[in-house]
Amino acid sequence: MTQTIETFLNRYLVTVSKPGRYAGGEFNQIVKDWEKTAVRLALAFPDTYEIGLPNLGLSILYDQVNRRADALAERVYCPWSDMQDLMRDHQIPLFSLENKVPLKDFDVIGFTLPYESLYTNLLTMLDLSGIPLRSTQRGEDDPLIIAGGHACFNPEPMAPFLDAFVIGEGEEVIHEIIDLVKEHKQIGASRSELLRKLDDIPGIYIPSFYEVAYQSTGLIKEIRHAFNPEKHTVIKRFVKELPEPVTDFLVPNIQTVNERVSIEIMRGCSRGCRFCQAGMITRPIRERSASQVLAALERATESTGFEEISLLSLRDRKST
């Protein structure tokens, strides 16, 4: 199948708009030996390459996973409509940029959902991959489909289509998921057994494990966990101390919405405005030191050649 994908790209890539979206091979790209890696993740951003590549959340997970010797992370973005049509016409499944492997061959597909308008693109990507849309239709050979990001704090609109959601920050929980999937593969456990184990990880929401009872008016009367009646809520994950920032950013093949070094100097906000989704979701406040930020900026500009930088945070503690 890999050779078929490569042949398809060699023959038809020049016929679509912005072929650089699908070529891969960017500077700072990480390509690992597929056969020698125990756990394989596809990090999926359900929007075009130009929007998804600069996304800091995906960049952080790409860096975190690929630091491990036993795991690899490869990227995939939602193709534009001309490429979608071409792939369907030639029966080419959606594939990763690094090794050009079909998504359905990965152990885990992790979708980043920063906003709700990407819901339909996620379904498009599953359909292009040949993976059943609904979680109840997936079998033992299908990858685990997980989503994380700000839009997952209200997961129910996408609950029928995801095996699991990560509620909160992913820097630590991604390693716990990898460890569990690695163990699952080694012992040959079933898909249902893997989901039961995932449910024990704080911050993981498995929609299929919850039963909802309704009142005659249609309002929710009760939500029960099918296997653990005492489990009523999922507590969001957050890292107590921000890890070292990403510095080896991918340098895009084509023009993207942002082409600069982006360093998160602070996460969280002290203002506590109830209307602000980002401020409520990213609590508590954690800051990086000035020396850590300056060192990261120096490394990042050297490793990428970018001439612009962004210092990312929500509002400062001080009034303006």
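## Basis

In this predicted model, local features need pLDDT of at least 70 and side-chain atom pairs count only at pLDDT 80 or more, while totals for chains, interfaces and linings use all residues. Residues are numbered from 1 along each chain as its sequence is written, and side-chain values use heavy atoms, without hydrogens or water.

## Helix H9

H9 spans residues 290-304; helices (H or I, at least four residues) and strands (E, at least two) are DSSP runs numbered from the N terminus. Its 15 residues reach 21 Å from first to last C-alpha, close to the 21 Å expected at 1.5 Å a residue, where the expected span is 1.5 Å times one less than the number of residues.

The buried residues of H9 are Gln292, Val293, Ala296, Leu297, Ala300, Ser303 and Thr304. Seen down the axis, they fall within an arc of 140 degrees, so they line one face of the helix; the arc is that of the directions from the helix axis to the C-beta atoms. The face turned away from this side carries the exposed residues Ala290, Ser291, Leu294 and Glu302. Buried means under 20% relative accessible area, exposed over 50%, and partly exposed in between (1.4 Å probe, protein chains only). Gly305, with a positive phi near 80 degrees, follows H9.

## Salt bridges

The whole structure holds 23 salt bridges, each a side-chain nitrogen of Lys or Arg within 4 Å of a carboxyl oxygen of Asp or Glu. In one of them, Glu50 pairs with Lys18, with the closest N and O atoms 3.1 Å apart. Glu50 lies in helix H2 and Lys18 in the loop between helix H1 and strand S1, so the pair ties together parts that are 32 residues apart in sequence. Glu50 is buried at 8% relative accessible area, whereas Lys18 is partly exposed at 44%.

Arg267 forms a salt bridge with Glu171, the closest N and O atoms being 2.8 Å apart. Arg267 is in strand S10 and Glu171 in the loop between strand S5 and H6, 96 residues apart. Both Arg267 and Glu171 are buried. A network of salt bridges links Glu169, Glu171, Glu264, Arg267 and Arg286.

## Nonpolar patch

Val212, Tyr214, Ile220 and Ile223 make a nonpolar surface patch of about 390 Å². Strands S7 and S8 each give two or more residues to the patch. Val212 lies in S7 and is partly exposed, with a relative accessible area of 36%.

Methods. Patches are made of residues with over 30% relative accessible area and no salt bridge: like charges are joined within 9 Å, nonpolar side chains (Val, Leu, Ile, Met, Phe, Trp, Tyr) within 5 Å. Accessible areas come from the Shrake-Rupley method with a 1.4 Å probe; for residues, only the protein chains shown count as cover.
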